Amino acid sequence: MSILLFLLLATLATSALGQGTRVGFYRTSCPRAESIVQSAVQSGARSNPRAAPGILRMFFHDCFVNGCDGSILIDGPSAEKTAVPNVPIRGFDVIDAAKTQLEATCPGVVSCADILALAARDSVVLSGGRRWEVPTGRRDGLVSQASDTANLPAFNDPISVQIRKFSEKGLNTQDLVTLVGGHTIGTAACAVFSYRLYNFNNTNGPDPDINQAFLPQLRALCPNGGEATTRVGLDTGSVNSFDNSYYANLRNGRGVLESDSKLWSDSTTQRFVQRFLGVRGLQGLRFDVEFGRSMVKMGNIELKTGSQGEIRRVCTATN
């Protein structure tokens, strides 16, 4: 073997092991991969309105725990999906349906991690958001432990903690404000925010960040001592539409989660909210464009590619 050929083969081997993701990864190996996932999302969202926002949240929670490797999809008594933040998530059946169809079409080719990344994008588009190209080529993780979810961003995190958690994943403050904007679709249970309505921080009153005109509406939906599982839209008046009205609600004191409200009350993040709202004197940001960019960035957290991990035969279990 000539030295030139040896170097060429070595270079190809190295790039195959560490090539990361790329748009069109399945273009030749499974040409219908993206359309199959899209059809599964459309079908799942028709039968369950919570599927689209659920899948978006699922992808977020997957990427923040050991990277975007589909570990949230694995079943088991102590797997990630049993952790408290993941129990309310809907849409796992959509991912499983897509995987079943893909295995019938091109067995052993498309990873569950990529199915989830594509389905998150399709869920946004189905809700009225702008489409973006999703780089693929992820491989599936082999470990899924509920205990690893302890550092997920939480509904009561102060801004400093939110910024730190995102920074640890290579995401900056603009990414934080952008990605949390995914709350423009979906709901939250009274259990995770009703403490803000009655005796916030033992003050015998509500969280002062809540608009006083909005308070009666929230209290009617979540009465003191009422049903903790009642679900409330995170983007009042636009719960099923992917748009920037979420940021207008934050500005108007209508953020439902404490962590969301802080995006406006803290000056560090408020300026990004203002830019999404087109406040005069600031360089504007287009939410529909920036969301796709930040999703691609998040989708590259701690990737498993090349020979790392595996391509699962079913998404609920390792091979």
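## Close-up views of a predicted model

Y247 and F287 are both buried (under 20% relative accessible area; exposed is over 50%, partly exposed is in between; 1.4 Å probe, protein chains only). This is a predicted model, in which local features need pLDDT of at least 70, side-chain atom pairs count only at pLDDT 80 or more, and totals for chains, interfaces and linings use all residues. Residues are numbered from 1 along each chain as its sequence is written, and side-chain values use heavy atoms, with hydrogens and water left out.

**View A. F155 and Y195 form a tilted aromatic pair.** A search of the whole structure finds 14 aromatic pairs. Rings of Phe, Tyr and Trp (its six-membered ring) pair if their centres lie within 6.5 Å; planes under 30 degrees apart count as stacked, over 60 as edge-to-face and the rest as tilted. Helices (H or I, at least four residues) and strands (E, at least two) are DSSP runs, numbered from the N terminus. F155 is partly exposed, at 31% relative accessible area. Y195 is partly exposed too, at 28%.

**View C. K81 lies over the face of F92.** The distance to the ring centre is 4.4 Å. A charge sits over a ring if NZ of Lys or CZ of Arg is within 6 Å of the ring centre and within 35 degrees of the ring normal.

**View D. Domain 1 and domain 2 are in contact.** Domain 1 covers 24-152 and domain 2 covers 159-297; such bounds come from an automatic or database domain assignment. The C-alpha centres of the two domains lie 24 Å apart. Contact (heavy atoms within 4.5 Å) involves 20 residues of domain 1 and 24 residues of domain 2. About 1800 Å² is buried between them, and carbon and sulfur atoms give 64% of that area. Buried area is the accessible area (1.4 Å probe) that two parts lose on being put together, summed over both. How many salt bridges are there between domain 1 and domain 2? The count is zero (a side-chain nitrogen of Lys or Arg within 4 Å of a carboxyl oxygen of Asp or Glu).

**View E. N202 and N204 lie in the loop between α8 and α9.** In this loop, α9 is the helix at 215-221. N202 has a positive phi of about 60°, although N202 is not a glycine. N204 is also a residue other than glycine, and its phi is near 65°. Are they buried or exposed? N202 is exposed, at 68% relative accessible area. N204 is exposed, at 69%.

**View F. Q274 is part of helix α12 (residues 267-276).** Q274 counts as buried because its relative accessibility is 19%. Leaving out residues up to four places away in sequence, Q274 touches W264, V279 and L282.
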